[in-house]
Each structure stands twice: as structure tokens, then as C-alpha cells.
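Open the model in your viewer and keep the selection panel at hand.

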Amino acid sequence: MDTFTLDRGAGTRVEINKFGATITSWMVNDVELIFVSPKAKLDGTKAIRGGVPICFPSFGPWSEGPQHGFARTSRWEVTSTKDMNDQDDMAVTLSLAETTAWDQKFELNYTVTLKQSSLELCLNTKNNNLESKAPFEFTTALHTYFKVPDVEKVSISGLKGLKYQDKTLEGIPTVTEERELVTLAGWTDRVYLGSSDQQVLNGVNGGKLIFKKTNLADTVVWNPWEKKAGEMSDLGSENWRDFVCVEAGQCVTPVRLEAGESWECRHELEYEKE
């Protein structure tokens, strides 16, 4: 497994697999906060089940190729690092600018910054169609799998009053969230539309996560529950309880970039120990 690690010492580190630029571990003072399925394929044959996959240029089904696009199954290269001592924030940038899966010219730069108790993710997209002058559109998400002791004991605040698309119901109706604390009691697949830039995930290992986002309109909450997890060969019915996906994304309204234009989003996760 070809990985790059930022390590601040004292059990605080992040590990990124160059396949998909997928974060596969984030620890704060020896507390693991990221879930990777014990059955995940780590040999490059398919997207890693767990971690923080990057969905691009599509969140969900993609008319030109695989579900969630090609970024999570492409090999990225480390293009810069920010040097590093115990007192400073550590950072690495991974880049992707070539694929046979898409006929657009583009550049993706993904910067991961490890702080004392937080992780900052920055995704920059550039349209490099300088000859054809063609615009392109995309949707995207950072599909974070959080490790939790029990998904049924997790709650998420900051979503009350929002409309969400419920993908578990026929016709994918848009429903309004009435709860102050959102909990999961079965298969959940929701896109909360126009969510605020901060939510709180309660019930992670030993504390809570403050979830902040910039220039990403939506928040996704997902867990397949036992039956559907059992239908996924790289997950399994025995592992559904150990994670929840709470994702920052631009999932519904596409971003349109003209030739030469760039777009950037940020996502920060801060761990607070209880």
C-alpha cells in the first residue's frame, strides 16, 4: 500500500493512500477517528471502502463512467509538503491531472493539513481546456467514514429545519428535518440541501467532532445498515454498526467552470475529547 503519513507525535497522525488520495487513518492522541472496512480492497482493484474517498466529477451515478467518478480510483502524486516540526501544522498536497476516464483537461490539487486536534481538507479544481475553451461541470463530495462505537448511538446537530432528499424512499422525496439531534435507526441515505457551514457529530470515540465546510452546499448522512452492508463484498453485514458517513459535498447543483477558471472548497474536522 503506497501511503504518505503526516505524524505530529503523541499519537496524532494522518495516513493518505495515493490510490484515490484516500485518507485511511486520522488519529488524535491515539484515538482513531476514521473507519476503513476490514474487507476493503487495498490493492488498487476498486475504490477503498472507508476512509475519506473523493467523489469527482460526480457525486452518485456518473453518466460517463463509474459511480462517484474517477478521482477515488486514480493514482495521485505528492506534489508538495509543508515542513514540519512538532509545533507547526503539517501539510501535504496531492495532485491529479491525467485520466483516460474523462475527456476534459483538468487539474485537481488536494491539500491535507494536520493540526493538533483537527484536520483541514482543501480541494482545488481547475479547468485546463485552454485550447478548446470548453467549460465543464461537476459535482463532488468528501465521503468521510467516521469510526464510531455504535452508529445507533450517534447524533448529528445542525440539520434541523433543512430540506433533504431521502434516497431510501421511492421517488426520492424531499422532506424537512424536524429533529434537533438527528439519529439513525435503519438504512439512511440523505442529502441535506443548503446546510449551514457547521454541524456537530456526537458519539465518536471518546468525544465529538465539529464539522465545518466552506463552498460546499450540502451535507450527506449515510449508513447502509445490516442487510445492504451484507450485499457489499468489501463491507459485510458484521461491520455496518462501526461507522457513519457524514459528508461535505456539492452534491446536487453542479459547479460550472469556464476554461482557465478554478474552484476551491474546504472541510475542517475538529475533535473534542469529552
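A disulfide is a pair of cysteine sulfur atoms within 2.5 Å. By that rule the structure holds zero disulfides. This is a predicted model, in which local features need pLDDT of at least 70 and side-chain atom pairs count only at pLDDT 80 or more, while totals for chains, interfaces and linings use all residues. Residues are numbered from 1 along each chain as its sequence is written, and side-chain values use heavy atoms, with hydrogens and water left out.

**Cysteines**

Select cysteine 55, which is in no disulfide; the nearest cysteine sulfur, 7.7 Å away, belongs to cysteine 251. Cysteine 251 is likewise in no disulfide, and its nearest cysteine sulfur is that of cysteine 55. Are these two buried or exposed? Buried means under 20% relative accessible area, exposed over 50%, and partly exposed in between, with a 1.4 Å probe and protein chains only. Cysteine 55 counts as buried because its relative accessibility is 0%. Cysteine 251, at 9%, counts as buried too.

**Core**

Next, select Trp26, Trp76 and Tyr110. Of the 68 residues in the largest nonpolar core, these three touch the most other members. A nonpolar core is a set of buried Ala, Val, Leu, Ile, Met, Phe, Trp, Tyr and Cys residues joined through side-chain atoms within 4.5 Å. Strand β20 (residues 243-257) gives this core its largest share, seven residues. A second, separate core of six residues includes Cys55 and Cys251, along with Ala141 and Val220.

Stay on tyrosine 110 and show its contacts (heavy atoms within 4.5 Å). Leaving out residues up to four places away in sequence, tyrosine 110 touches Trp76, Ile54 and Leu142, among others.

**Whole chain**

Zoom out. The secondary structure comes to one helix and 21 strands; helices (H or I, at least four residues) and strands (E, at least two) are DSSP runs, numbered from the N terminus. The C-alpha atoms fill a box of roughly 50 × 50 × 35 Å, taken along the principal axes. Of the 274 residues, 54% count as buried.

Finally, select β1 to β4. These four strands form an open sheet in the order β1-β2-β3-β4, with antiparallel pairing. Two strands pair if DSSP finds at least two bridges between them. Which strands are at the edge? They are β1 (3-9) and β4 (31-32), each pairing on one side only. Two bridges join β3 (residues 22-28) to β4. Here methionine 27 stands opposite glutamate 32 in β4.
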